[in-house]
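Hi everyone, thanks for making the time this morning. I'd like to walk you through one model, so let me put it up on the screen.

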Amino acid sequence: MANITRVDLANVLRNRFGLTSADSYKMIDIIFDEIGQSLIHGENVKIAGFGTFKILSKAARIGRNPKTGVPAVISARRVATFHPSTTFRKAVAGK
């Protein structure tokens, strides 16, 4: 399994566009900050050909401790989700 790090992304920007390392890191930080801030403010983030990031609000519910089976309250929370686009799903499936 390969992980893509900020360093990897910065290297791609540097190699493809001739940017300095500092400028590459700044661009990556700006992009991720914009995505994060949009999600924090409850906005969906759609990247055409890739997918959509959304924030879902989940209600509180009763769950169980998997070790003991004792019921436990799972608090209400907001979670980030990702839904891949049809184009991306087809590419992953090799179609």
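Before I point at anything, one definition: when I say helix, I mean a DSSP run of H or I with at least four residues, numbered from the N terminus. And please keep in mind that this is a predicted model.

With that in hand, let's start at Ser24, which sits in helix α2. Is Ser24 buried or exposed? Its relative accessible area is 0%, and the cut-off for buried is under 20%, so Ser24 counts as buried. Leaving aside residues up to four places away in sequence, Ser24 touches Ala10, Leu13, Arg14 and Leu19.

Helix α1 covers residues 6–17 and helix α2 covers residues 21–40. Their axes are 8 Å apart, at an angle of about 120°, and the two helices are therefore oblique to each other. The crossing is right-handed.

α2 lies across β1, β2 and β5, and runs at about 140° to β1. What is the order of the strands in this open sheet? It is β1-β2-β5, three strands with antiparallel pairing. The edges are β1, at 45–47, and β5, at 77–84, each pairing on one side only. From one strand to the next, the twist averages 25°. Strand β2, residues 51–58, is joined to β5 by eight bridges, and if you look along that pair, Leu56 stands opposite Val79 in β5.

Strand β3, residues 61–64, and strand β4, residues 71–74, pair in the antiparallel sense over four bridges.

Last stop, helix α3, residues 86–93. Of its eight residues, the number buried is zero, so α3 lies largely in the open. After α3 comes Gly94, again with a positive phi, near 80°.

How values were computed: Residues numbered from 1 in each chain as written. Predicted model: local features only at pLDDT ≥ 70, side-chain atom pairs only at ≥ 80, totals over all residues. Heavy atoms only, no water. Axes fitted to C-alpha atoms, helices over the stretch in contact; angles between N-to-C directions. Parallel < 35°, antiparallel > 145°, perpendicular 65-115°, else oblique. Left-handed = near helix turned anticlockwise from the far one by under 90°. Pairing = 2+ DSSP bridges. Buried < 20%, exposed > 50% of the residue type's maximum accessible area, 1.4 Å probe, protein only. Contact = heavy atoms within 4.5 Å.
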